[in-house]
Amino acid sequence: MARWEGNARGRLERAALDLFTEQGYDRTTVAQIAQRANLTERSFYRWFADKREVLFGGGEDLEEQLVSAIEAAPADTGALPTLLAAFATAPKVFRPREFLRERSAVIEANPPLKERELVKLASLSEALAAALVHRGCNPQTARLATDVGIAVLRLTAERCMADEQADFTQVLSTSTADLLAVATDIPA
């Protein structure tokens, strides 16, 4: 009998990413992913609804982390500063950068996965805006702050994936400064 191995979810994510990279997303089956992870298909479906979702695991953790950070922000903090402070806590739930780079390459190569990523991002955006409204922010301000904040977060993530040594918090600060420079460059 095989020795029990822990971290089934992580093994499935790693196996899927390796197979997607080696043979392509479309040519990879759930059965192959489970076999590579030394698990059964049944185990796969305990963790993921389908093979797309194996690439988006952790999204719930990120949403929970950010919403909790928004709720913990001082009451007198504005909408955008609250979001930016929440984003600074995101590395607590991030996967390793190499995994995120590989994941990004697989998603970029597959239009249906790019669409799924946009759906997940929209869902995160809705949760963040709702958390701001719950704090007392008016809905329009919450939506605008969230849209701007998500743009800063995406830029920060892209910059961090491009530079292995980049510090997320520092890059977030730089991306925020870039936003301010663009926003103040509007002629009167």
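**A tour of rings and helices**

Select Phe44 and Phe48: both are buried (under 20% relative accessible area, with a 1.4 Å probe and protein chains only; exposed is over 50%, partly exposed in between). This is a predicted model, where local features need pLDDT of at least 70, side-chain atom pairs count only at pLDDT 80 or more, and totals for chains, interfaces and linings use all residues. Residues are numbered from 1 along each chain as its sequence is written, and side-chain values use heavy atoms, without hydrogens and water.

Stay on the rings. The structure holds 4 aromatic pairs (ring centres of Phe, Tyr or the six-membered ring of Trp within 6.5 Å; planes under 30 degrees apart are stacked, over 60 edge-to-face, the rest tilted). Phe44 and Phe48 make a tilted one, 5.5 Å centre to centre with 45° between the planes.

Next, Tyr25. Find Tyr25 in the loop between helix H1 (8-23) and helix H2 (30-36) (helices are DSSP runs of H or I, at least four residues, numbered from the N terminus). Tyr25 is buried, at 10% relative accessible area. Show Lys51, which lies over the Tyr25 face, 4.3 Å from the ring centre (NZ of Lys or CZ of Arg within 6 Å of the centre and within 35 degrees of the ring normal).

Now jump to Leu80, 55 residues from Tyr25 in sequence and 37 Å away in space, C-alpha to C-alpha. Select helix H5 (residues 79-87) and helix H8 (residues 139-162): they pack at about 35°, axes 9 Å apart (lines fitted to C-alpha atoms over the stretch in contact; angles run from 0 to 180 degrees between N-to-C directions). Contact residues (heavy atoms within 4.5 Å) include Leu80 and Phe87 of H5 and Val148 and Leu153 of H8.

Conventions: Helices (H or I, at least four residues) and strands (E, at least two) are DSSP runs, numbered from the N terminus.
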